[in-house]
Amino acid sequence: MAKRPILILPDERLRAIAEPIDKIDDEVKQLAKDMLETMYDAPGIGLAAPQIGELRRIVVMDLAKEGETPEPIVMVNPEILKYSDETVVTEEGCLSIPELYYDVERPAEITVRYTDLDGKVTERDAGDRLAICIQHEIDHLDGVLYIDYLSRLKRDRVLKKFQKAERLSKKAS
Ligand code: NI
């Protein structure tokens with residue numbers, strides 16, 4: 001396994017549309033392992049492949065709390081089939097937008113279809129934190145970031161902060 005660097009806003013690869021995965025081979029399994037290791041190390045509760053520069057439709061998550069047994073979830077080609085009308089506001093953060101957290105409103109429950117690492121297509125209903133996490137991670141596969149749901153003012157403030165940080169780090173190197 002290998003930990004991989006996480007791309008940070010405003011890296012353009014975070015805005016790309018990821019490609020479907022047509023076969024679960026050893027390379028995909030290794031990618032899933034790398035993503036889990038990178039996520040646990042960060043630490044975070046979810047990671048999408050574009051966040052490490054792999055423009056492929058795979059996400060990993062683990063919502064087990066500290067001290068609980070890890071519950072890694074890997075979803076290949078995930079697709080949301082159903083959204084509840086009921087919505088919920090949750091504070092979200094993102095490993096590609098470090099150290100910031102904002103409230104986002106999303107559907108409270110979803111039904112998701114995905115392929116697991118054994119190649120089996122699975123459908124599952126999700127609520128609570130898992131439903132929010134799945135929506136956040138699948139957005140990454142379509143180049144969507146949670147700050148896109150904020151007011152324009154807030155989003156622009158976040159973008160400017162990271163654009164400035166990028167300029168400074170380029171100057172320094
Ligand atoms: Ni994220």
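Let's start with D85, which counts as exposed at 79% relative accessibility; exposed means over 50%, buried under 20%, and partly exposed in between, with a 1.4 Å probe and protein chains only. D85 sits in the loop between strand 3 (73–83) and strand 4. Its C-alpha atom is separated by 6.4 Å from that of P107, 22 residues apart along the chain.

A quick word on the source: this is a predicted model, where local features need pLDDT of at least 70, side-chain atom pairs count only at pLDDT 80 or more, and totals for chains, interfaces and linings use all residues. Residues are numbered from 1 along each chain as its sequence is written, and side-chain values use heavy atoms, leaving out hydrogens and water.

Now, the metal. Which protein atoms are donors of the nickel ion? They are C94 (SG), H136 (NE2) and H140 (NE2), lying 2.1 to 2.3 Å from the nickel. Donors here are N, O and S atoms within 2.8 Å of the metal (3.2 Å for Na, K and Ca); water is not among the atoms, so sites may look incomplete. Along the chain, the donors of the nickel ion follow the spacing C-x41-H-x3-H. C94 lies in strand 4 (residues 87–94) and H136 in helix 2 (residues 128–141), so this pair ties together parts that are 42 residues apart in sequence. Helices (H or I, at least four residues) and strands (E, at least two) are DSSP runs, numbered from the N terminus. Is C94 buried or exposed? Both C94 and H136 are buried.

Finally, back to exposed residues: D125 belongs to strand 7 (residues 121–126), and its relative accessible area is 62%, so D125 is exposed too. Thanks, everyone!
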